[in-house]
Amino acid sequence: MKSTRAIVLAATIATCAWGATAAEQAAIERGNAHYLLFCANCHGVDADGQGPLASVLKITPTDLRNLRAGGGDELVAERVLKAVDQRHEVPSPEGPRMPLFSDNLEVKTIIEIGEYLKTVQR
Ligand code: HEC
């Protein structure tokens, strides 16, 4: 337990050294926790699109490490908001493919998930 805490602390300090403030770091950690609860089943714990449910879905979950594609952090945040809100336009005869979260998740929560996902972009 003690060593786990030491690793978490070291990782936190290392990330802070890269420029995130303590408040930003806390938001990223909450975003990571929300992500693991609500998104990882499909998109994978590493956001690679390989979650345990991926094999039984008709449509492959997106690899969320490539959300930046040509844009910046704003594009990551925008795509997360749109996807979770069901407002993104992926052409599909069957309609929306992702579960509707917008009625259940606070915008703050979605934004924090976006903050976390910004940290895993390649
Ligand atoms: C039941 C499985 C499932 C869950 C749970 C899920 N997703 Fe998805 N997601 C998908 C699938 C399938 C796609 C690809 C098809 C589509 O875009 O609708 C996708 C696509 C996306 C995209 C790409 C949209 C784009 O711009 O191309 C984002 C971003 C995303 N999901 C974020 C999330 C976040 C954040 C969560 C958690 C709050 C989440 N997803 C939970 C299945 C899921």
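**Exercise 1. Find how many residues helix α5 has and how far it reaches from its first C-alpha to its last.**

*Solution.* Start with the count: α5 has twelve residues. Next take the end-to-end reach, which is 16 Å from the first C-alpha to the last, close to the 16 Å expected at 1.5 Å a residue. Keep in mind as you work that this is a predicted model.

**Exercise 2. Work out which residues of α5 are buried and what covers them.**

*Solution.* Walk along the helix and pick out the buried positions: Ile110, Glu112, Ile113, Gly114, Glu115, Tyr116 and Leu117. Now look at what lies over them. The cover includes helix α2 and helix α4, the latter spanning residues 73-84.

**Exercise 3. Describe how α2 and α5 are arranged: at what angle do their axes cross?**

*Solution.* Locate the two helices, α2 at residues 22-38 and α5 at residues 107-118. Their axes come within 7 Å and cross at roughly 100°. Angles of 65 to 115 degrees count as roughly perpendicular, so α2 is roughly perpendicular to α5.

Next, list the residues that meet. From α2 come Ala27, Ile28, Arg30, Gly31, Asn32, His34 and Tyr35, and from α5 come Thr109, Glu112, Ile113, Glu115 and Tyr116.

**Exercise 4. Trace the largest nonpolar core: which residues have the most contacts inside it?**

*Solution.* The core has 15 residues, and those with the most contacts inside it are Val80, Ile113, Tyr116 and Leu117. As for the elements that build this core, α2, α4 and α5 each supply at least two residues.

Take Ile113 as a worked case. Setting aside neighbours within four places in sequence, Ile113 is in contact with Gly31, His34, Tyr35, Cys39 and Val80.

**Exercise 5. Decide whether His34 and Lys118 are buried, partly exposed or exposed.**

*Solution.* Begin with His34, found in helix α2. His34 has 19 C-beta neighbours inside 10 Å. A residue needs 20 or more to be buried and 12 or fewer to be exposed, so His34 counts as partly exposed. Leaving out residues up to four places away in sequence, His34 touches Thr109, Glu112 and Ile113. His34 and Tyr116 lie 82 residues apart in sequence, with 9.4 Å between their C-alpha atoms.

From Lys118 to Ala77 the C-alpha distance is 7.7 Å, although 41 residues separate them in sequence.

**Exercise 6. Compare three residues in the loop between α3 and α4: why do Ala47, Pro61 and Leu67 count as buried?**

*Solution.* First confirm where they sit: Ala47 lies in the loop between α3 (40-43) and α4, and that loop also holds Pro61 and Leu67.

Then check the neighbour counts. Ala47 is buried because it has 25 C-beta neighbours inside 10 Å. Pro61 is buried because it has 20 such neighbours. Leu67 is buried because 23 other C-beta atoms lie within 10 Å.

Pro61 touches Cys42, His43, Gly49, Gly51 and Ala54. Leu67 is in contact with Leu75, Val76, Arg79, Leu117 and Gln121. The C-alpha atoms of Leu67 and Ala77 are separated by 8.9 Å, with the two residues ten apart along the chain.

**Exercise 7. Look at the backbone of Ala47: is its phi positive or negative?**

*Solution.* Recall that most residues other than glycine have a negative phi. The phi of Ala47 is near 65°, a positive value in a residue other than glycine.

Note on methods. Residues numbered from 1 in each chain as written. Predicted model: local features only at pLDDT ≥ 70, side-chain atom pairs only at ≥ 80, totals over all residues. Axes fitted to C-alpha atoms, helices over the stretch in contact; angles between N-to-C directions. Helix = DSSP H or I, 4+ residues; strand = E, 2+ residues; numbered from the N terminus. Parallel < 35°, antiparallel > 145°, perpendicular 65-115°, else oblique. Contact = placed C-beta atoms within 7 Å. Expected span 1.5 Å × (residues − 1). Core = buried A, V, L, I, M, F, W, Y, C linked by C-beta atoms within 7 Å.
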